[in-house]
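Look at the model below. The text then leads through it, starting from a single side chain and moving out to the helix packing.

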Amino acid sequence: MGTRLIHWIQAAWRAVRRLSGDDGYERYLAHHAAAHPDIPALPRKAWFAHQQQQKWSGIKRCC
Amino acid sequence: MKTNLSSLLIWLAVALLGAAAIGGIALNRGESINALWFITAALCVYAIAYRFYAAWIAATVLSIDATRATPAERLNNGRDYMPTNRWVVFGHHFAAIAGPGPLIGPTLAAQFGYLPGTLWILVGAVLGGCVQDMVTLFFSTRRDGRSLGQMARDELGSIGGVAALIATFLIMVILIAVLGLVVVNAMKHSPWATSTVAATIPIAMLVGLYMYRLRPGRVLEGSALGVILLLLAVAGGGWIDQQAGLRELFDHPGLPLAFAVIGYGFAAAILPVWLLLAPRDYLSTFMKLGTMILLALAIVWLRPDIKMPALTQFVDGSGPIFGGELFPFVFITIACGAISGFHSLIASGTTPKLLANERDIPMIGYGGMALESFVAIMAMIAATVLDPGVYFAINSPAGVVGKTAAEAVATISAWGFPVTVEQMNLLARQMGETTLFARTGGAPSLAVGMASIFGSAFGEHLLALWYHFAIMFEALFILTTLDAGTRVGRFMLQDLLGNVWKPMGQTSWYPSVLFSSAVVVSAWGYFLYIGVIDPNGGVNILWPLFGISNQILAAIALCVATGILVKSGRLKYAWITALPLTWLIVITSTATWQKVTSDDPRIGFLAAANSLSDKLATGVLSPDKAAVAPQLIFNQQLDAVLAVFFAALLWLIVIDMLRVCARHLRGKPVPPLSEAPHYPTRLEEAWARD
C-alpha cells in the first residue's frame, strides 16, 4: 500500500514536471546525447535562454 | 456483442440526460434554474459530439492515419519539432488557446438572458470551433506544421495568404486594445486592484531572474515562488487600500491608467522575453488552470441558482452593454468559447510540431476547444448567478444609464431589474471597492460573480479577497496576451518592412525593434485611448469590432480547410467546414452591414458620428464632452472603414476559395496540394517501451 502510494506520487510529480517543462533540460540532454553525441550539449543556462527565445518568437498565446 | 450493447446503453443515457438538461434550460420560464443543468448539458453535448462527430470526421473525412510519421517525428530537432506525449501537447495547446476571451464574451452577452449565449456556446463549439481547430491542426500536421498564412498561400494562392496575414495583424491590434480597456476599467479608481496588478510586474521579473540567473530552467520552483508572491500581493493590495497616504498613489482615473498600460506594453515588447513575458506566462498559466478547476468545483459543490431570465427585452437591440439585436450580435459577442479564428494560428504552426501521432488530433484539436467552450459556460454561469439588477448596474456605462447612482438604479429598475443604491453600496463595500457602478468591460462583473460563488463555497468573509484575486487573475493573462501580441505584431511588421528595406527585417536590430514596437503599440494604444475617453464605455465599440475580426479570421481558416477538402476529392464531406463557414459569412456580413448603415447611433458607426456632429454643431454638449467629440467622431468613421475593410477581406478570400474549387471541379489547373509525402512512423515501438 505504502509503496503503491509512493509510486503514484512519483508518477504524478513526473507528470507535473513534464507538463510544466520543468524537466526540459533533462529531456534536452537525453535528446542531444542520442542525436548529436559528437557535439557538446549546451549548459543549462544557455539552453534555457535559447528555449525561451524560441518559444516566444511565434504566436503562442491567444485571446 | 455484450460490450456493444452496454456502450449503446451508456451513450443513449448520455444523450437522454443531455437532451433533458438542454430542454430544461431552454423551456424554463419564470422559475429559477440551477447552474448544474448548464454543466450537465454542456458535458453531455461535448461527450456525444466528441465520441461521434469528431470520431467520424477523423476516420471518414480526414482519414487520420496512425501509421504515418508526423512532422515532429520526421523533423525532430529537440526544440520546436519534437514528438511529445499527447497529454502534454493537450496541456500546452489548451493553455495557448484559452485566454480572457471566453470569460469576457459570455459575460457581455448575458445582457440577452442566459439562453442565447449558452446555446451558441454549445452549438457553435461542437459544429464550428472544435471542427475548425481540429481540421486546421490536421492540415497543418500534414504540411510540416505550416502556419495558416502559408497554407492559405500554398493552397489558394497569394491573395489568400496576404488576406490571412493582414487579418491576423489587425485582429491583434483590436484584441490588444479591447483587452487593455478591460484591465483599465477594472483598475479605475480602485487602489486595491491597481496596486495588485502593478505588483504582478516586479513579481514576474523576480521569477524571471530566478529562472534565468539563480536556478536556470527550474520552472516549477520559480512558479511556486511567484504564485505565493501573487497571493501576498492580493492581500497586500487590501492593506494599501486602507493606508491613507498610500492609497492615493494607486487611485487613478482611466486615462492615466491607459497611458500606463501603453507604456508598459512598449517596455514589455522590447525587454528580453526571459525577464517579463516568459515568467509571467508561467504564472498566468498556473493561475488560469487553478482558478478554472476551483470554479468548476465550486459550481458543482454549491449548485447556485441562475437569476437572470432566459431572455431579456434587450434581444430587440436596445441593450445597455452593447447595442444591436440578438441576431447577429450574440454570435459576434461570443467568439472565443464558440468559434475563435485565433485558435487556427495556434493549431497551425505551434501544436502540430509536437504531435507524436495523427490519432491524437481529435483529442487535442476538438477536445481542447470543447474544454475552452466549457470555460465559457462557466463564465456565463458566473454572470447569470448575479441579480440581474446588479449585473446591469456593474456593466452598463454611465452614458447609457445615467451618471449618478440614483439615476442608474432608477433606469435599471425601470427595465424590470430591481436594484437599489444601498444594495450596490453594500456589494461594493463587501468587495473592497468604493463603487461598482459602470465598471464596464466584463472583468469586474465576472469577478463579483466568481467572488460570490467562491465566497459562498469557501467563506463569505473573504469576499473582497476573492474579488481582487479574480481581478488579478484576469489582469495577469490579459497582460500576457497584450505583451505576447505586441511582440508577434512587431515580428510581422519587421517581416513586412524587411521587404522594403533589408535591415528592418532583422528581428534583433535595435532601431528596427524600437520602431516596429512603437508602431504596433501606437496602433492599439490609439484604440485604447479612444475607448477610455468614450463616455459610452468604449467596450460597446471595440468588442463587436474584435468579434467581427476574430470571426473573419475563423472564416479564413475554414475557407482554407474547405478548399483543401474539395481539392483532395472530398467534396461530399466539405460541408463539415462549409456549414460553419456559411454561418460565419452570414453573421459577420450582417453585423458589418448593421454596424455601418444602422440609423441607431448605438449600433451604426456612421450614425453615431453624425449624431455627435449634430450635437457638437448645436452646442448641446458639455464643454468636456465637446472637447473630445472631434476625436470620437473621427474614430467612429475610422471604425466604419475598418469594418468594411474586414468584410471586404472576407469576401475576397471566400470568392478566391470558390474560384479555386470551381476550377478544380471543372478539371482546370489549381495550386497543387502541398501535403508532405507519406513516411511510415517508427515511433510505435519507442512508445510501447516508454
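Arg143(B) sits in the loop between helix 6 and helix 7 of chain B. Helices here are DSSP runs (H or I, at least four residues; strands are E, at least two), numbered from the N terminus. This is a predicted model, in which local features need pLDDT of at least 70, side-chain atom pairs count only at pLDDT 80 or more, and totals for chains, interfaces and linings use all residues. Residues are numbered from 1 along each chain as its sequence is written, chains are lettered from A and ligands numbered from 1 in the order in which they are written, and side-chain values use heavy atoms, with hydrogens and water left out.

Arg143(B) counts as buried because its relative accessibility is 0%. Buried means under 20% relative accessible area, exposed means over 50%, and partly exposed lies in between (1.4 Å probe, protein chains only). A polar atom of the Arg143(B) side chain lies 3.1 Å from the backbone oxygen of Phe139(B). The side chains of Arg143(B) and Ser674(B) are joined by a polar contact of 3.1 Å. Such a contact is a pair of N or O atoms within 3.5 Å; within protein, one must be able to donate a hydrogen and the other to accept it, and residues adjacent in sequence count only if both atoms are side-chain atoms. Leaving aside residues up to four places away in sequence, Arg143(B) touches Met151(B), Glu155(B), Ile564(B), Leu673(B), Ser674(B) and Glu675(B). Contact means heavy atoms within 4.5 Å.

Asp144(B) belongs to the loop between helix 6 (114-141) and helix 7 (148-155) of chain B. Its phi is positive, about 60 degrees, although Asp144(B) is not a glycine. Ala438(B) also has a positive phi, near 55 degrees. Ala438(B) lies in the loop between helix 20 (421-430) and helix 21 of chain B. With 22% relative accessibility, Ala438(B) counts as partly exposed. Another backbone feature is the cis peptide bond between Phe327(B) and Pro328(B), with omega about 5 degrees. Pro328(B) is in helix 14 (residues 326-333) of chain B.

Now take helix 8. Where does it meet helix 22 of chain B, and at what angle do the axes cross? The axes of helix 8 (residues 158-187) and helix 22 (residues 463-500) of chain B come within 9 Å and cross at roughly 150 degrees. Helix 8 of chain B is therefore roughly antiparallel to helix 22 of chain B. Axes are lines fitted to C-alpha atoms, for helices over the stretch in contact, and angles run from 0 to 180 degrees between N-to-C directions. Angles under 35 degrees count as roughly parallel, over 145 as roughly antiparallel, 65 to 115 as roughly perpendicular and the rest as oblique. The crossing of helix 8 and helix 22 of chain B is left-handed. That term means the near helix is turned anticlockwise from the far one by less than a right angle; clockwise is right-handed. Among the residues that meet are Leu165(B), Phe169(B) and Met172(B) in helix 8 of chain B, and Ile471(B), Ala475(B) and Ile478(B) in helix 22 of chain B. By class, this contact of helix 8 with helix 22 of chain B has 17 nonpolar, 6 polar and no charged residues. Ala, Val, Leu, Ile, Met, Phe, Trp, Tyr, Cys and Pro count as nonpolar, Asp, Glu, Lys and Arg as charged, and the others, Gly among them, as polar.

Helix 8 of chain B also packs on helix 27 of chain B: the axes come within 10 Å and cross at roughly 150 degrees. This makes helix 8 roughly antiparallel to helix 27 of chain B. The crossing of helix 8 and helix 27 of chain B is left-handed. Contributors include Ile159(B), Gly160(B) and Ala163(B) of helix 8 of chain B, with Leu642(B), Phe645(B) and Asp656(B) of helix 27 of chain B. The classes in the contact of helix 8 with helix 27 of chain B are 12 nonpolar, 1 polar and 1 charged.

Stay with helix 27 (residues 623-665) of chain B, which holds Gln636(B). Gln636(B) counts as buried, at 12% relative accessibility. Beyond residues up to four places away in sequence, Gln636(B) touches Ile541(B), Phe605(B), Ala608(B) and Ala609(B).

Thr681(B) lies in the loop between helix 27 and helix 28 (683-689) of chain B. Its relative accessible area is 16%, so Thr681(B) is buried.
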